[in-house]
Amino acid sequence: MATETQNDSSDPSADEPLHIESEAHLEDVVDDHDVVLVDFFATWCGPCQMLEPVLEKLAAETDAAIAKVDVDEHQQLAGAYGVRGVPTLALFADGEQVEQQTGALPEDHLRDLIERHTE
């Protein structure tokens, strides 16, 4: 795609979390990457804030794309994925959702989850 270098928010080689702007944007990210870990978060959520550096590290160190969805800005999108609490983490592999867990999970658990689908 010719616009990849101009549009950093959908760069398939992103090594930092991608902030999702719409349902179509999330679908594009899931389509563009083999493995995507989606963080449904809220800015006021303490556990979400604690998870932020972990997700940044995973984005830089794994082959998975990390996507972030602000549930306050995108309530319908969060509802479409059955998000009832934050943080909720959804893992997509090959375009399909394969996992969903609520709560701030430890880095090693998230890394194992990603690696199960990238190997």
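Predicted model: local features only at pLDDT ≥ 70, side-chain atom pairs only at ≥ 80, totals over all residues.

Biologist: Which residue forms a salt bridge with R111?

Modeller: The partner is E61, and the closest N and O atoms of the pair are 2.8 Å apart. This pair also links distant parts of the chain, with R111 in helix 4 and E61 in helix 2, 50 residues apart. R111 is buried, its relative accessible area being 18%, whereas E61 is partly exposed at 47%. Through shared partners, salt bridges join K57, E61, E107 and R111 into one network.

Biologist: And what does E52 pair with?

Modeller: E52 forms a salt bridge with K68, and their closest N and O atoms are 2.9 Å apart. Here the link runs from helix 2 (residues 46-61), which holds E52, to strand 3 (residues 65-70), which holds K68; the two are 16 residues apart.

Biologist: Why is K68 classed as buried?

Modeller: K68 is classed as buried because its relative accessible area is 2%, and buried means under 20%. E52 has 22% relative accessibility, so it counts as partly exposed.

Biologist: Back to helix 2 and helix 4, then. At what angle do their axes cross?

Modeller: The axes of helix 2 and helix 4 cross at roughly 35° and come within 10 Å. The crossing of these two helices is right-handed.

Biologist: Which residues make that contact?

Modeller: Helix 2 contributes L51, V54, L55, K57, L58 and E61, while helix 4 contributes E107, L110, R111 and I114.

Biologist: A change of topic: which residues of helix 1 are buried?

Modeller: In helix 1 (residues 23-32), the buried residues are H25, L26, V29 and V30. Seen down the helix axis, the buried residues fall within an arc of 135°, so they line one face of helix 1. As a general point, an α-helix has 3.6 residues a turn, so residues three or four places apart point the same way.

Biologist: What covers that buried face?

Modeller: The cover over the buried residues of helix 1 includes strand 1 (18-19), strand 2 (35-41), helix 3 (75-80) and strand 4 (88-93). For L26 in particular, the contacts beyond its neighbours within four places in sequence are I20, V38, L77 and Y81.

Biologist: How many residues does the largest nonpolar core have?

Modeller: The largest nonpolar core has 22 residues, and those with the most contacts inside it are I20, L26, V36, V38, F40, Y81 and F92. Two or more residues each come from helix 1, strand 2, strand 3, helix 3 and strand 4. Strand 2 gives the most, with 4 residues. Apart from this core lies another, of 15 residues, among them V35, L55, L89 and L110.

Biologist: Finally, the backbone. Where is the cis peptide bond?

Modeller: The cis peptide bond joins V86 and P87, with omega at about -5°. P87 is found in the loop between helix 3 and strand 4, and G82 is in that loop as well.

Biologist: And what is the phi value of D94?

Modeller: Phi of D94 is near 50°, a positive value in a residue other than glycine. D94 is placed in the loop between strand 4 and strand 5 (96-102), and it is exposed, with a relative accessible area of 63%.

Definitions and conventions. Residues numbered from 1 in each chain as written. Heavy atoms only, no water. Salt bridge = Lys/Arg side-chain N within 4 Å of Asp/Glu carboxyl O. Buried < 20%, exposed > 50% of the residue type's maximum accessible area, 1.4 Å probe, protein only. Arc of directions from axis to C-beta. Contact = heavy atoms within 4.5 Å. Core = buried A, V, L, I, M, F, W, Y, C linked by side-chain atoms within 4.5 Å. Axes fitted to C-alpha atoms, helices over the stretch in contact; angles between N-to-C directions. Left-handed = near helix turned anticlockwise from the far one by under 90°.
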